[in-house]
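Take a look at the chain below. We will walk through it a few residues at a time.

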Amino acid sequence: MLNASLLCKNSNLNQTFLSLLDKCKSVSELKRVHALAILYGLAQDDPFPSRILSFASTSDSADFDYARRIFLQLSNPEVFNWNTIIRGNSKGKNPTRSISLFVEMLRVGVSPDHLTYPFLAKASARLMDLQLGLAVHGRIMKTGFQFDRFIQNSLIHMYASCGDIMRARKLFDEMPNKNLVSWNAMLDGYAKCGDMDFAHEVFELMPERDVVSWSCLIDGYVKDGQYAEALANFQRMLLLGPKANDVTMVSVLCACAHLGALEQGRKMHRYMMEKGLPMTLVLRTSLVDMYAKSGALEEALVVFREVSVKQTDVLIWNTMIGGLATHGHVRESLDMFVEMQEAGIAPDDITYLCLLSACAHGGLVKQAWFFFECLNKDGMTAKIEHYACMVDVLARAGQLKEAYQFLDEIPLEPTASMLGALFNGCMNHRKLDLAEIVGRKLLELEPEHDGRYIGLSNVYAVIKRWDEAKTTREAMEKRGVKKSPGFSFVEIFGTLHRFVAHDKIHPNAEQIYMMLSIIIEQMKSDADRETSVYDLYDIEIM
């Protein structure tokens, strides 16, 4: 009777601890439950070690050092335990650890199963290490798991992530029983490699599609700079596909931001609210970015302020600081940085890039030097973008000699972005002798860039060295470099219209040019009227 009573108490205690583990939302909570389990002598009883290890390794708040300590306490870890800790590390900050753990697993004589290898393929993909991926694939072939569909899908993803789309396609074509995951892996592979023609082809051939399929296609177009195509496919998704998720909407908002399609962006915001999509921090950051890039700073600030300061991260602060800086709200941008520091958010290298951009727009040279020096003080190293931005600050402020000297002293070879910033400063401040020197260097760096020939030719034209201006244009033609036509997007009632110079393709071209002629005549009439008023004013003065 006593034994039965003890068993009942133990059973109830086990259930209590399992319930506590299920409710854990952070590693700090897990540690408290683990401490209690040790206190009651349950820490080594199944299934507690596996459940604790799983949370510490694979949850959103994973702590890999803590997971490692738990793992080392297991007297005889089984393949499931090895897979758990390998899986966790494969998606952590240091995927190399999962490979080390796999080697250790082999050394102690534990045989991997079909669940082990997808995590190794994932680690290879995240490291973008093709040689490592090939080694993993070779091991799979030796152990006879090459026909496992889960493994094949992970290998397709791995090869595509490493840039070997041909091997990914070969594996895909050889699969006898493809499932939706297989098709999505191949579609995502082409999208990752920027081959949107093949991505579109795979998408159209798919026997079925889910939200992942549509999201991969839309994101692929966004990453490839085909923003209008991304929005067109989203509209198609609304008609034919499943309900969009937060991942889809991040891509769509990114497309709206790049096009400056404010009305479209507002529609997307309403769609998210109407469909009850979870407003994750990433999604809110995308909304702030869209509104800021479209010039709707007040709406960007509303979305930004809706997030509790405790829930913010450096990305959303950077987006708001950068948005204010881009539109010339320099003081507000710098004040936002002070607010960010007061909130206890540590700046990163992007933060300082946004601050340098603000200083460039506001002509704040001393402040820019301060932020540039803060990079090293905060344990960061200046990147190409920081040097280019610092050159831009000096060049915009007319400190062209200082900018040129700065480029001579930096530990990197000057890039086109750095020299381009200096060149623009030289042109704006009519320092044409230096503009010629910088223009020649830009042409050497980027002989296939049409803007470099045109820029240097313009320098020669301004100083009336017509022969050299002509020679530069001829060199461009001989090399086969063609000027890329500039284009603009105009959003009218939520619809985007694309125009290039002398465009006749638009279906309403005739009416547009007619209206343009009326506007030009009206402007001439107004200009003539103003001239007459000034003439009369001059007569009266005389």
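Where is the place of Val250? Val250 sits in helix α15, which spans residues 246–259. Keep in mind that this is a predicted model. Val250 counts as partly exposed, at 25% relative accessibility. Now look for its partners. Leaving out residues up to four places away in sequence, Val250 touches Val282, Leu283 and Ser286. Met290 gives another view of the fold. Val250 and Met290 are 40 residues apart in sequence. In space, their C-alpha atoms are 9.8 Å apart.

Next, turn to Ser154. Ser154 belongs to helix α9, residues 149–161. Is Ser154 buried or exposed? Ser154 is buried, because its relative accessible area is 11% and the cut-off for buried is under 20%. What does its side chain reach? The side chain of Ser154 comes to 2.7 Å from the backbone oxygen of Ile151. Beyond its neighbours within four places in sequence, Ser154 is in contact with Pro118 and Ala121.

Now for the charged side chains. Side chains of opposite charge can pair when their charged atoms come close. How many salt bridges does the structure hold? The structure holds 23 salt bridges. We will visit some of them.

Start with Arg68 and Glu104. These two form a salt bridge, and their closest N and O atoms are 3.2 Å apart. Arg68 lies in helix α4 (residues 64–73) and Glu104 in helix α6 (residues 96–107), so the pair ties together parts that are 36 residues apart in sequence. Arg68 is partly exposed, with a relative accessible area of 28%. Glu104 is partly exposed too, at 22%.

Go on to Arg266 and Glu299. Their salt bridge has its closest N and O atoms 2.7 Å apart. This pair links distant parts of the chain, 33 residues apart. Arg266 is in helix α16 (residues 262–275), and Glu299 is in helix α18 (residues 297–305). Arg266 counts as partly exposed at 22% relative accessibility. Glu299 counts as partly exposed at 26%.

The side chains of Glu448 and Arg479 meet in a salt bridge, 2.7 Å from N to O. Glu448 is exposed, with a relative accessible area of 53%. Arg479, at 47% relative accessibility, counts as partly exposed.

Which residues are linked in a network of salt bridges? Glu436, Arg440, Arg465 and Glu468 are linked in this way.

Now consider the cysteines. A disulfide is a covalent bond between the sulfur atoms of two cysteines. The structure holds zero disulfides. Cys426 is in no disulfide either, and the nearest cysteine sulfur, that of Cys389, is 17 Å away. Cys389 is buried, with a relative accessible area of 12%. Cys426 is buried as well, at 0%.

Met523 is found in helix α29, residues 509–541. Met523 is exposed, with a relative accessible area of 54%.

Finally, check the backbone. Most residues other than glycine have a negative phi, and most peptide bonds are trans. Met128 is not a glycine, yet its phi is positive, at about 50°. Met128 lies in the loop between α7 (116–127) and α8 (130–143). At 60% relative accessibility, Met128 counts as exposed. Arg430 also has a positive phi, near 55°, and is a residue other than glycine. Where does Arg430 lie? Arg430 lies in the loop between α25 (416–428) and α26. Arg430 is exposed, with a relative accessible area of 54%.

Note on methods:
Residues numbered from 1 in each chain as written. Predicted model: local features only at pLDDT ≥ 70, side-chain atom pairs only at ≥ 80, totals over all residues. Heavy atoms only, no water. Helix = DSSP H or I, 4+ residues; strand = E, 2+ residues; numbered from the N terminus. Buried < 20%, exposed > 50% of the residue type's maximum accessible area, 1.4 Å probe, protein only. Polar contact = N/O pair within 3.5 Å; in protein donor to acceptor, adjacent residues only side chain to side chain. Contact = heavy atoms within 4.5 Å. Disulfide = S-S within 2.5 Å. Salt bridge = Lys/Arg side-chain N within 4 Å of Asp/Glu carboxyl O.
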